Amino acid sequence: MNRICVLGLGYIGLPTAALAASSGLKVIGVDIDPEVVRSLGNGRAHIAEPDLDVLLDRVLKNESLIVQTTPCQADIFLVAVPTPITEEKTADLSYVESAIRSVVPVVQKGNLVIVESTIPPGTTEGVVSKILTESGLVIGEDLYVAHCPERVLPGRILEELVNNDRVIGGINRESALAARQFYEEFVRGALFLTNARTAEMVKLVENAYRDVNIAFANELSLMCSHLGVNVWDVIDFANRHPRVNILRPGPGVGGHCIAVDPWFLVEKAPQSTSLIATARSINDLMPEHVVAKVASAVPPGARVACLGASYKADVGDTRESPAIQVIEDLIAKGYVVNVVDPYVSKMNGKSLPLTTLDEALDTAECVVLLVDHSEFKLLDAAKLKEKFANGKLIDTRGIWTRTDGACPFQGIAPKPAKRGLVGVRCSNTQIVDPQVMQNIFGPTDTYLLSTCLESTTR
Ligand code: SAJ
């Protein structure tokens, strides 16, 4: 039976280790943090993810998964450690490097090393392989090396680990084939084989694609607020076009992936990533726009209820959370902030000024919805709008303030149109092209559009 050593027991490594163990493999989970190993040794996961507790309980009890702080001999080494970003917006490979270095003394002829951590193109063939040659083994012949990026969505990790397709990039064909054999043990999705550099690129491109599209939605929201148009209606109507699918605006983009990975592309190809870099900047500036909205509604000293602190709905992860940035900025500006989040208790290691939903809403002079947790969707929107009128209800996720495609004209009966929407006929149709929009709206809110224009006319 194959022995797998999984290095890094975080959001990806731990569920992967548990799944591999439950599919009959013998798994050794390694984490350099003794606290993580201790808590798993006591049967407790340090991350919250649906169904993970039950699975872990089983594989820890039957010892198909054991956890420790250092690697040992195995057939396959799977690296799933973080790749943070430096101050200069480049990939910090120190965790990947030290994980790879830690296996050098134990790797043997015929082993396979898989890197799942997100890494810039060229890292598997370069940094990773170079460190592994210190073992004395010939890379690609004695020791197989592959990159297989994780692509699972927090909140649905176990389900997606099994069902998503995977792209496996080997430093040679034999490495890719060996890695495929491993993933076949527990992945039901299709397994596509390619070279390592392509697989590295695929991962970064997926997240950059989403980031650029969210930036477009965010830019749209800035334009609409400038023009007094409901952005949610604009998006809902536009998405009724068969080839349009605009994402949702929000207070910014958080999480450890989308807010970080696009920079790895900028780092490697700065001359041809102006659109990606601009999108990053637009999304990074969104928390400031939210704080400015609060400032125009109530003065410093006012009590503000911030609903949500995590980076997205129904998870407790606060990494790169734009909500936390808004909360910190408001506190720094002198607002009395009350935070409500059913999943989060700390921000950057410090306690959050948490309170109950009822108390926050009772005492607030202004309410900012930062995360669309299910609990907040149940609130009575009409009552909230009545109580916090005149811009004092700031709904960054569009769960209360959207009109859901209803006719915005009072007195005109909504006429059901195709697919249950309301149709509003315009007497003259304007042709809107990005250059015209830029001329009308000015440069501040149209960075992305003007960058698109530049990129496409170059
Ligand atoms: N967001 C918006 N508007 C949207 C969608 C998302 O503002 O329309 C925001 C969210 O609120 C959040 C951020 O973007 O702050 C990212 O959330 P997400 O749900 O889009 O993605 P993540 O970061 O949880 O997971 C992503 C996924 N990548 C893609 O969808 C291309 C996931 O599949 C990856 O495995 C993960 O990054 C990763 O680990 O790289």
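## Strand pairing

In this predicted model, Leu78 stands opposite Ile114 in S5. Strand S4 (residues 76–79) pairs with strand S5 (residues 112–115) in the parallel sense over four bridges, pairing being assigned where DSSP finds at least two bridges between two strands. Helices (H or I, at least four residues) and strands (E, at least two) are DSSP runs, numbered from the N terminus.

Residues are numbered from 1 along each chain as its sequence is written. Because the model is predicted, local features need pLDDT of at least 70 and side-chain atom pairs count only at pLDDT 80 or more, whereas totals for chains, interfaces and linings use all residues.

## The sheet

An open sheet of eight strands has mixed pairing and the order S3-S2-S1-S4-S5-S6-S7-S8. Strand S3 (65–68) and strand S8 (191–195) stand at its edges with a single partner strand each, so one side of each is left without a neighbour in the sheet.

## Nonpolar core

The largest nonpolar core has 79 residues, of which Val6, Leu7, Phe77, Val79, Ile114 and Ala146 touch the most other members; such a core is a set of buried Ala, Val, Leu, Ile, Met, Phe, Trp, Tyr and Cys residues joined through C-beta atoms within 7 Å, and a residue is buried if 20 or more other C-beta atoms, placed from the backbone, lie within 10 Å of its own. Helix H8 (residues 196–227) gives the largest share of this core, eight residues. Domain 1 (3–204) and domain 2 (211–420), with bounds from an automatic or database domain assignment, both contribute residues, so the core lies between them.

Methods: A residue is buried if 20 or more other C-beta atoms lie within 10 Å of its own, exposed if 12 or fewer, and partly exposed in between; C-beta atoms are placed from the backbone.
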